[in-house]
Amino acid sequence: MVYLVSDADWWRQAVIYQIYPRSFADANGDGIGDLKGITSRVPYLKDLGIDAVWLSPFYPSALKDGGYDVADYRNVDPKIGTLEDFDEMSSKLKEAGIKVMVDIVPNHSSDDHEWFQAALKAGKGSPERERYIFKDGLGPNKEKPPTDWLSLFGGSSWTSSGQNDGQFYFHWYDSSQPDFNWDNLEIQQDFLRTLKFWADKGVSGFRIDVAHGLSKSKNLIYNNNKGETKITNLPNYKELEELTTKKLKNGLGNSDLDHPLLDRDEVHHIYKDWRKLFNTYDPPLMAVAEAWVAPDRKGLYASPDGLGQTFSFDMLLCNFDPDEYRECINSSLEESKNTGSSTTWVLSNHDVMRHASRFGLPNIPTANLGVAIEALNPFLKNRFTEPKVDIESGLNRAKAATLMILALPGSTYIYQGEELGLQEVVEIDSSERQDPIFSRTKGEMIGRDGCRVPIPWSSKSSNFGFGDGTRAHLPQPKWFERYAVDLEENNQQSTLNIYRKALKLRKELQCPENQFKWIETSSTNKEILHFKRSDEWEIIVNTSKKEVELPKGKQVLISSSGKDLKDGLIPGETTVWLK
C-alpha cells in the first residue's frame, strides 16, 4: 500500500539534505564550491533519494562568517555563480524530483550591505541609522560601549561606528554582522520583497536563521527625535547570562521573563505577515525556524499562522543513550501533536561537530540542554585533546542513530557528507581557520571549520574530486580518501549505500505520522529501544556494545551495520528495520 501525501504536506515527512555551497562541489576550479558544482552533482543527489535540498547562504558576502554575513539578499555571490546559474540548478533539481529551500538570514546583514554603509555615512539620528541599532557610548567622551554585553562569538557585542560621533552599533554575532532594527517598517517590507523574489524563482521553502532573535526590547531600540539615545532597565552581562539560562532552560514565557534580545512575543507578528505571503502560493511555501528556545515556545514558531515548522535540536543534544532517546522522542512527538506541525530530526549541521565524531567521544554531561550557549559549547570547544575519538564506535553509533531518526514520524534533515560517515576535521592550522569564533575567542573555542571542509568525491583526484585547480578553501586531510564517494559506491556495506538503501525503503514503508507505538522490552534489555510504525515496519535500536537476540519470525530489511545478521543476533551499536 502506497501512502500518498498532498503537495501542500510534502515537507511533513520529507528528507531534506543541507548543502553548504562553498564546500560541496567546485565546477570552475577556484577552490570554492559553486552553483554549477551543485548542478553537476544532481544525479548523485537523486540516487541518494532525498526529497529536497536546503542551500546555506550563497549570497554576495565577504565570508567573514561563512556566508551568513549577507551583503545582498536578492543576488548570488560572484564567487559562487549567477542568478542564471541558480535557475539552471533549480531546474535540474526539479527535473530530478528534488525541491529547493534557501537560507534566509534576517537577524543581521553584512557590514558591507548598502544600507549599513549608508547608515555609517548618514550619521547620528538619521533615518538610515534607524534600520540598525545604533546607541551612544558611555563615559565622558562616549568611548565605552552602551552595555557590557558579549557577542555570542566572543568579544563585545558593540562596535564603534568609526565616525567620531560617539555611537556604537549592536551585533549579537561578529562585528561584521550588525543586527537589523525590526521595529523599522523598511526592514519588514524589504524582507517580504526578498521572500517573494526567491518564491517567484520557484523555491519551495525557507530555513530561517536565528528566527528567535529578530525582535529586540523597545528599551534597546528607542531613539527620540533629537537623535539622543535612552537605554533603561537593561541587565548587565552577568544578569543577561542568568536571564538567558532561566528563559531557555525553564521554559518560562515572556510574561515571566522579559529577555531584551531573545524569543520575544513580538517576533511572531513578523512571521504572521510572512505566512500571509507564503499562503498566496500554490502549494503554500514551507519554512522552518532555527530557534534555540524552550520546549513550550517552539510551537509558536511552528504555528500554521507562522513559519509552520521549528528545528528540534533535542535529538542532536542527546548522548547515544536509550533513556535520553526515549524521553526526546516522546516529548518531540507530543510537541508536534500539540502544534499540528511535524517533528524535525537533526544529528549534524554546519554549526556543530559531525555526529560520527561526537559519538566517538565521552558523553556530554547534560543532554537536552535547551540553552544555546550551553548546547553549542561542547561542540565548539576543542574536545579532541583528551581523550582520542573512538572512530569505529563513533561511526557505528552515527549510523544507528541515523537509521533510528529516519524511521521516526516527521521530517529528517541531513548534512552533506554525513552520508559518507565523515569525521570532524581537527588538523586545521590556526592560520587557515576561517570561523570568527576561533579568532574572537583567541582559540579558546575551536570553531566550526571542521564540519565545513569540502567533501571528497574521488579518492585519487586532486582535491579529492571537489574541484580541479586551486586547493580547496579549507584543507582536506589525507584520510578523506577512504570516505570518497567513488570508493563507497563500490562497497555495498559502506555508509553511503546504507543511506541510499534506507532512504529508498523509507519511501516504500512511509505511513501516517500518527502511527507510532513503543514495544516494551524486558527488564534485562534496558539498552534496547523497540518501536513500531505500522503493521509492516518495526525498528530495534541496540545502544549497548553486546549482541542481542533478533525477534523470531521477522525479516530484516536493513541493518545499520551494513552486514547480514548471523545466528539471529543484532550487533552492538546497531539499528535494524524489521518486517
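So, Glu481: in this predicted model it's partly exposed, with a relative accessible area of 29%. Glu481 makes a salt bridge with Lys460, and the closest N and O atoms there are 2.7 Å apart. Both residues sit in the loop between H15 and H16, so the pair ties together parts that are 21 residues apart in sequence. Lys460 counts as exposed, at 68% relative accessibility.

Okay, next pair. Arg471 and Glu432 meet through their side chains in a salt bridge, 2.1 Å from N to O. Arg471 is in the loop between helix H15 (436–440) and helix H16 (485–489), while Glu432 is in the loop between strand S11 (411–415) and H15, so this one ties together parts 39 residues apart. Glu432 is partly exposed, at 25% relative accessibility.

Then there's Asp85 with Lys36, where the closest N and O atoms are 3.4 Å apart. That pair links distant parts of the chain: Asp85 belongs to helix H3 (residues 83–95) and Lys36 to helix H1 (residues 35–40), 49 residues apart. Asp85 is buried at 12% relative accessible area, whereas Lys36 is partly exposed at 41%.

How many salt bridges does the structure hold? It's 39. We also get a network of them linking Asp65, Asp351, Asp435, Arg448 and Arg452. And on charges in general, the mean positions of the 70 positive and 85 negative ones are 1 Å apart.

Zooming out: the chain has 17 helices and 18 strands. Buried residues make up 61% of the chain.

Terms used. Residues numbered from 1 in each chain as written. Predicted model: local features only at pLDDT ≥ 70, side-chain atom pairs only at ≥ 80, totals over all residues. Heavy atoms only, no water. Helix = DSSP H or I, 4+ residues; strand = E, 2+ residues; numbered from the N terminus. Buried < 20%, exposed > 50% of the residue type's maximum accessible area, 1.4 Å probe, protein only. Lys, Arg positive; Asp, Glu negative; His and termini not counted. Charge placed at Lys NZ, Arg CZ, Asp CG, Glu CD. Salt bridge = Lys/Arg side-chain N within 4 Å of Asp/Glu carboxyl O.
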